[in-house]
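Open the model in a viewer and keep the sequence panel in view. The stops below say what to select and what is there.

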Amino acid sequence: MSAADEFASELVAGLRATPRAVAPKWFYDQAGSELFDQICELPEYYPTRTELALLQRHAPEMAECIGRDAEIVEFGAGASRKVRLLIEALASPRRFVPVDISVEHLQAAAARLRDDHPGLAVLPVGGDYTQDLALPAPLGRRIGFYPGSSIGNFEPAAAEALLRRFAGLLQGGGLLIGVDLVKDPAVLHAAYNDSQGVTARFNLNLLARANRELATDFALDGFWHSAFYQPALRRIEMHLVCRVAQTVTLRGERFAFARGDSLHTENSYKYTAEGFRQLARRAGWAPRAVWQDPQGLFSLHWLEPA
Ligand SMILES: C[S@@+](CC[C@H](N)C(=O)[O-])C[C@H]1O[C@@H](n2cnc3c(N)ncnc32)[C@H](O)[C@@H]1O
């Protein structure tokens, strides 16, 4: 199935469902990836700068956990900015294999990395890490890197299944994973409702992408961006809420939106460090080191197969 057919069939299923929902992986076409890169620079978006600071400060300890001559596979690599700090601390990893669903953006990031590290073998793999992923035969020990707290986009049971999948792909190697922590809801609210409206544009890009790739007719100015924290579920929810009633056509099917109707586009679960370690244990991993910033905003975990 082509990527567009897959997007269409998931969007149709999501629009037929009650409540309406679609997976956040569909945010990431080229425009979505560029908007995400802008989010990473926002003053309110603490996760990127906090995780980068943790890597800057603790990369030598992380490199010690990873060991020499490893092949690093990064799941959802995006701009591959964070891995640079690991690559420098590791001195000479065998190869870097960035995996991402947003292929054009992935290729451009890989080219920049090759320019900056001429001695480093970089082999980008375009694909969806939640589906069958054709990784190249490993060059030495394979280690996983999964920053950005993308694990938070999955319901806890799906997160557990994904961690098991990664264990299979890593063939006995460890996983360095970034996890966003439970914190003051006001800090979370600001991070997903930035004053420049970049997160709103990122959210709305899902509908813009559907219009571009699937010839749907969403009226983009007929939707609000809505993001809020659900303390009982410890998650941020992101929605697109209809402000002007409309009927949208997708692959011949018509979907009516009344004012106030919502399309749920993302969850971002927050964990305590111990809560995440328990999840990792249930998924067959042995949690080892944890690094956190002094304010307890974000964490990086080193997991080994149990
Ligand atoms: C939140 S961004 C994180 C980017 C980067 N790792 C960071 O920490 O800044 C998520 C990245 O994962 C990619 N992605 C999302 N879902 C994916 C999937 N199912 N398979 C492969 N890549 C995915 C997106 O294209 C995007 O580049």
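Start with A91, in the loop between α4 (83–90) and β2 (95–100). The model is predicted, and at this position it gives a positive phi of about 70 degrees, although A91 is not a glycine. Most residues other than glycine have a negative phi. Is A91 buried or exposed? Its relative accessibility is 58%, so A91 counts as exposed, the cut-off for that class being over 50%.

Next, select R234, in the loop between β6 (223–230) and β7 (235–242). R234 is not a glycine either, and its phi is positive, about 50 degrees. The relative accessible area of R234 is 41%, and therefore this residue is partly exposed.

The next backbone stop is the pair T18 and P19. The peptide bond that joins T18 and P19 is cis, with an omega of about -10 degrees. Most peptide bonds are trans. P19 sits in the loop between α1 and α2 (30–40).

**The ligand**

How many residues are around the ligand, and which come nearest? There are 18, and G76, K82, D100, D128 and Y129 come nearest. By class, this shell is made up of 6 nonpolar, 7 polar and 5 charged residues.

- D100: an N or O atom of its side chain is 2.5 Å from an oxygen atom of the ligand.
- D128: a polar atom of its side chain is 2.7 Å from a nitrogen atom of the ligand.
- E74: an N or O atom of its side chain is 3.5 Å from a nitrogen atom of the ligand.

The ligand taken alone exposes 590 Å², and the protein buries 93% of that.

**The second largest pocket**

Rolling a probe the size of a water molecule over the atoms shows where empty space is left. The volume of this pocket is about 340 Å³. To centre the view on the second largest pocket, select A3, W26, I101, S102 and V103, which lie nearest its centre among the 22 residues of the lining.

Colour by secondary structure to see where the lining comes from. At least two residues of the lining of the second largest pocket are supplied by each of α1 (3–16), α5 (103–116), β3 (125–126) and α8 (198–214). Which element has the largest share of this lining? The answer is α5, with 3 residues. Colouring by class instead shows 8 nonpolar, 6 polar and 8 charged residues in the lining of the second largest pocket.

Why does N203 count as buried? The relative accessibility of N203 is 0%, and buried means under 20%, so N203 falls in that class. Show the side chain of H225 as well: a polar contact of 3.0 Å joins it to the side chain of N203.

Then select D180, in strand β5 (residues 175–180). D180 is at 1% relative accessibility and therefore counts as buried. Which side chains make polar contacts with the side chain of D180? One is that of K183, at 2.8 Å. Another is that of K270, with a polar contact of 2.7 Å.

**Two distances across the sequence**

The last two stops use the distance tool between C-alpha atoms. Select E253, in strand β9 (residues 253–257). E253 has a relative accessibility of 26%, so it counts as partly exposed. Draw the line from E253 to V12: these residues are 241 apart in sequence and 8.2 Å apart in space, C-alpha to C-alpha.

Finish at Q278, in helix α9 (residues 273–282). Q278 is also partly exposed, with a relative accessible area of 40%. Draw a line from Q278 to L86: the C-alpha to C-alpha distance is 26 Å, and the separation in sequence is 192 residues.

Notes
Residues numbered from 1 in each chain as written. Predicted model: local features only at pLDDT ≥ 70, side-chain atom pairs only at ≥ 80, totals over all residues. Heavy atoms only, no water. 1 Å grid on protein atoms, 1.4 Å probe; cavity = no way out; pocket = protein on both sides within 12 Å on 5 of 7 lines; lining within 4 Å. Points joined across faces, edges and corners; volume = space filled by probe spheres on them. Helix = DSSP H or I, 4+ residues; strand = E, 2+ residues; numbered from the N terminus. Nonpolar A, V, L, I, M, F, W, Y, C, P; charged D, E, K, R; others polar. Near = heavy atom within 4 Å. Polar contact = N/O pair within 3.5 Å; in protein donor to acceptor, adjacent residues only side chain to side chain. Areas by Shrake-Rupley, 256 points an atom, 1.4 Å probe, with all protein chains shown as cover. Buried < 20%, exposed > 50% of the residue type's maximum accessible area, 1.4 Å probe, protein only.
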